[in-house]
Amino acid sequence: YVSFSSLINSQATSVVPIKTWLEVNAAWIAGFYFSGVCLQTLILISGFSKIKGIRNQQKTDLNLQWDKHLEKLSSSLKINQKVSLYFSDKILIPFTVGFIKPIILFPVAMINRLTIKQVESILMHELAHIKRNDYALNILQRMMEIILFFNPFAWLMAKEIKKEREFCCDDLVVEHSKNPDLYATALMLLEENKMHSLQLALAATGSGK
């Protein structure tokens, strides 16, 4: 039998060492947090810098050809914003950047591996992100990840949010697609291209041995 007062006293006693430890190591804790925030911020800025380099490249005839397809798809989703399309050999998967002037970046290596309808289905997925304002929401999410970088639950929640975001865009593509299997095949080919490129990178550095 343990009295209520003795239980309270034992809890208070256990709290004191923790409080003391925090006071003694406050400088180290603050330094660790500041370093983590700076590192995560640099990673985010580095990503923006790489994207800016891709955006600044000149448009090719391939871009001009697919701009008409993109305008048609944008109209079908009732997107009033002007959406630009860029092809790049520096990326492995398509993704969207920008909120006011959104840009879709597409791996040029996949153009010859996908049919026109398959490319359109992938572009539809990226346009779905624009329609849902996912880019702006993703920036807010990244800010949360930077502030709470030390919390594993914050990263797990962010992972689940990203997963659900992709599912929602997939549902929109299937809803507007006459052939869902065609979209599924396109996703499979994109994943194969990503894995193949990663294997080549490992072989080139000798890391795959």
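What follows is a short chat about the strands, helices and ring pairs of a predicted model.

Me: What kind of model is this, and what cut-offs apply?
Reply: It is a predicted model: local features need pLDDT of at least 70, side-chain atom pairs count only at pLDDT 80 or more, and totals for chains, interfaces and linings use all residues. Residues are numbered from 1 along each chain as its sequence is written, and side-chain values use heavy atoms, with hydrogens and water left out.

Me: What is the strand order in the sheet?
Reply: β1-β3-β2, in an open sheet of three strands with mixed pairing. Strands here are DSSP runs of E, at least two residues; helices are runs of H or I, at least four; both are numbered from the N terminus. Two strands pair if DSSP finds at least two bridges between them.

Me: Which strands are at the edges?
Reply: β1 and β2 (95-97). Each pairs on one side only.

Me: How many bridges join β1 to β3?
Reply: Five, and the two strands run parallel.

Me: Which helix lies across the strands?
Reply: α4 (residues 116-131) lies across β1, β2 and β3. It runs at about 145 degrees to β3. Axes are lines fitted to C-alpha atoms, for helices over the stretch in contact (heavy atoms within 4.5 Å). Angles run from 0 to 180 degrees between N-to-C directions.

Me: How many residues of α4 are buried?
Reply: 13 of its 16, so α4 is mostly covered. Buried means under 20% relative accessible area, exposed over 50%, partly exposed in between (1.4 Å probe, protein chains only).

Me: And in α5, which residues are buried?
Reply: D134, Q141, R142, E145 and I146. Seen down the axis of α5, the buried residues fall within an arc of 140 degrees, so they line one face. The arc is that of the directions from the helix axis to the C-beta atoms.

Me: Switching to rings. How many aromatic pairs turn up?
Reply: Five, in a search of the whole structure. Rings of Phe, Tyr and Trp (its six-membered ring) pair if their centres lie within 6.5 Å; planes under 30 degrees apart are stacked, over 60 edge-to-face, the rest tilted.

Me: Why is the F87 and F106 pair edge-to-face?
Reply: Because the planes are at 65 degrees; the ring centres are 5.8 Å apart. F87 is in β1 (residues 84-88) and F106 in β3 (residues 103-107), 19 residues apart.

Me: Are they buried or exposed?
Reply: F87 is buried, and so is F106.
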